[in-house]
Each structure stands twice: as structure tokens, then as C-alpha cells.
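Please keep the sequence and the model open while reading.

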Amino acid sequence: MSEKNILDFDSSCIQPTQLLPKCIPSEALLGHAKQIFILHDGHSYQLRITKLGKLILTK
């Protein structure tokens, strides 16, 4: 992650409110971690970064 504050989103992520889905940098979710768990509808999902820098979401 760069020295840039994770809340300083890239201008390409700025979108009109309520028109398009939110654009959130992965660093805002993961920080320095390689994986997080997301709870959705009573189920736990793992979001992780692979060795090649790809994101994988698994149940």
C-alpha cells in the first residue's frame, strides 16, 4: 500500500450518488492484511489477495 491515505480515493472512483455502485479501493477494506472475512446474510466469506495480487472471494 502506498503512503497515500486509504481514504483519499482515486478520482476514477468518484461517482454520482445513487446512480452507480460504490467504488471502494481494496486497501480501504484490507489495509495491510492479506485477508478479511465479510459477513453477509448470516454467512462468512473470505476475501484474500493471492501471491499474484488477485482478489478471491470464497465462502
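Which residue of β3 does Q46 stand opposite? Q46 stands opposite T58.

The model is predicted, so local features need pLDDT of at least 70, side-chain atom pairs count only at pLDDT 80 or more, and totals for chains, interfaces and linings use all residues. Residues are numbered from 1 along each chain as its sequence is written, and side-chain values use heavy atoms, with hydrogens and water left out.

**Confidence and overall make-up**

The predictor's confidence in each residue is pLDDT, on a scale from 0 to 100. Its mean over the protein is 84, and 69% of the residues reach 70 or more. Among the elements, helix α1 (residues 26-30) has the lowest mean, 94, and β2 the highest, 98.

The protein holds one helix and three strands. From the N terminus, the order is α-β-β-β. Helices (H or I, at least four residues) and strands (E, at least two) are DSSP runs, numbered from the N terminus.

Of the 59 residues, 14% are buried. Buried means under 20% relative accessible area, exposed over 50%, and partly exposed in between (1.4 Å probe, protein chains only). The accessible surface comes to about 5300 Å², with 57% of that belonging to carbon and sulfur atoms. These areas come from the Shrake-Rupley method with a 1.4 Å probe; for residues, only the protein chains shown count as cover. Contact means heavy atoms within 4.5 Å. Among contacts with a separation of 6 or more, 9% join residues 24 or more positions apart.

**The sheet**

The three strands form an open sheet in the order β1-β2-β3, with antiparallel pairing. Its edge strands are β1 (35-40) and β3 (55-58), each pairing on one side only. Twist averages 20° from one strand to the next. For such angles, axes are lines fitted to C-alpha atoms, for helices over the stretch in contact, and angles run from 0 to 180 degrees between N-to-C directions.

Strands of a sheet pair through backbone hydrogen bonds, either parallel or antiparallel. Here two strands count as paired if DSSP finds at least two bridges between them. The two pairings compare as follows.

| Strand pair | Sense | Bridges | Residues standing opposite |
|---|---|---|---|
| β1 and β2 (residues 43-49) | antiparallel | six bridges | I36 and L47 |
| β2 and β3 | antiparallel | four bridges | Q46 and T58 |

Five residues lie between the strands in the hairpin of β2 and β3. Within this hairpin, G53 takes a positive phi near 85°.

Q46 lies in strand β2. Is Q46 buried or exposed? Q46 counts as buried because its relative accessibility is 19%. Beyond its neighbours within four places in sequence, Q46 contacts Q35, I36, F37, I56, L57 and T58.

I38 sits in strand β1. Its relative accessibility is 33%, so I38 counts as partly exposed. Leaving out neighbours within four places, I38 is in contact with H43, S44, Y45, L47 and L57. The C-alpha atoms of I38 and K59 are separated by 9.4 Å, and the two residues are 21 residues apart along the chain.

K54 belongs to the loop between β2 and β3. K54 counts as exposed because its relative accessibility is 54%. With neighbours within four places set aside, K54 contacts R48 and I49.
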